[in-house]
Amino acid sequence: MSLDFTAIDFETANSSRASVCAVGLVKVRDGRIADQAGGLVRPPDGHDEFHWANIEVHGITADMVAGAPPWRRVGPWLQSYVGDDVLIAHNAPFDMSVLRYACAAEGLPVPAVDYLCTLALARRMCDMPSRRLPDVAAEFGVLLARHHEASADARCAAEIAVAMARRHGYDKVEQLAQSYDVPVRRLG
């Protein structure tokens, strides 16, 4: 079996985890980026107010997502895109909570997917003062082009996971997780 998974990153409009306003997905096959997808998302009704602090972080505004597909369409597409892959994210508990709460806000089923966190792996593998995405990227020689842009962050998480696995000679992310006693968790 080869190094196959899908990396994911979300941006939110406000402090509500249901307020998804962007998603980035990167499909990895045999340790190489095979596809990249995602874009802006119109948050679910009731979770669609854009807070200035979130805008300051990612630069996305309500006007920018006005014509974007709503989460009720993006959620099922995302599940189809991911398929049976393990999801990889940096700070996966945040991203998985966005997925869970956005689906709940639209009455969609929460996808039953396995996921792994590169932040949790970095905490076990790396002796460094900060394990923020830019710092872990630098540790593994990965370029982070535009931090807090969902597609760029997902690509960075994907490249970090590949670099971590290769550094330690693993050809599956599950092997890497097991060797550092980091659980592959289940959502859904």
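Biologist: How many salt bridges does a search of the whole structure find?

Modeller: The search finds nine salt bridges. Keep in mind that this is a predicted model.

Biologist: Let's take Lys27. Which residue does Lys27 form a salt bridge with?

Modeller: Its partner is Asp85. The closest N and O atoms are 3.3 Å apart. This pair links distant parts of the chain, 58 residues apart. Lys27 sits in strand β2, and Asp85 is in the loop between α3 (71-82) and β4 (87-89).

Biologist: Are Lys27 and Asp85 buried or exposed?

Modeller: Both Lys27 and Asp85 are buried. They also belong to a network of salt bridges that includes Arg29.

Biologist: What about Asp181? Which residue does Asp181 pair with?

Modeller: Asp181 forms a salt bridge with Arg124. There the closest N and O atoms are 3.9 Å apart. Asp181 is in the loop between α8 (173-179) and β6 (185-187), and Arg124 is in helix α5 (residues 118-125), so the pair ties together parts that are 57 residues apart in sequence.

Biologist: Why does Asp181 count as exposed?

Modeller: Because its relative accessibility is 57%, and exposed means over 50%. Arg124 has a relative accessible area of 49%, so Arg124 is partly exposed.

Biologist: And Asp135? Which residue is in a salt bridge with Asp135?

Modeller: That is Arg132, with the closest N and O atoms 3.8 Å apart. Asp135 is partly exposed at 27% relative accessibility. Arg132 is partly exposed too, at 49%.

Biologist: New topic: pockets. What volume does the largest pocket have?

Modeller: About 460 Å³. The lining of this pocket is made up of 26 residues.

Biologist: Which of the lining residues lie nearest the centre of the largest pocket?

Modeller: Asp9, His90, Asn91, Phe94 and His148.

Biologist: Which element gives the largest share of the lining?

Modeller: Strand β1 does, with five residues. Among the elements that each supply at least two residues are α1 (52-58), α4 (92-106) and α7 (150-167). By class, the lining has ten nonpolar, nine polar and seven charged residues.

Biologist: Back to His148. What is its phi?

Modeller: Phi of His148 is positive, about 75°, although His148 is not a glycine. His148 lies in the loop between α6 (133-139) and α7. At 28% relative accessibility, His148 is partly exposed.

Biologist: What about phi of Asp30?

Modeller: Near 55°, a positive value in a residue other than glycine. Asp30 is in the loop between β2 (20-29) and β3 (32-40). Its relative accessible area is 46%, so Asp30 is partly exposed.

Notes:
Residues are numbered from 1 along each chain as its sequence is written. This is a predicted model: local features need pLDDT of at least 70, side-chain atom pairs count only at pLDDT 80 or more; totals for chains, interfaces and linings use all residues. Side-chain values use heavy atoms; hydrogens and water are left out. On a 1 Å grid over the protein atoms alone, a cavity is a set of points where a 1.4 Å probe fits but cannot get out, and a pocket is an open set with protein on both sides within 12 Å along at least five of seven lines; lining residues have an atom within 4 Å of a point. Grid points are joined across faces, edges and corners, and a volume is the space filled by probe spheres set on the points. Helices (H or I, at least four residues) and strands (E, at least two) are DSSP runs, numbered from the N terminus. Ala, Val, Leu, Ile, Met, Phe, Trp, Tyr, Cys and Pro count as nonpolar, Asp, Glu, Lys and Arg as charged, and the others, Gly among them, as polar. Buried means under 20% relative accessible area, exposed over 50%, partly exposed in between (1.4 Å probe, protein chains only). A salt bridge is a side-chain nitrogen of Lys or Arg within 4 Å of a carboxyl oxygen of Asp or Glu.
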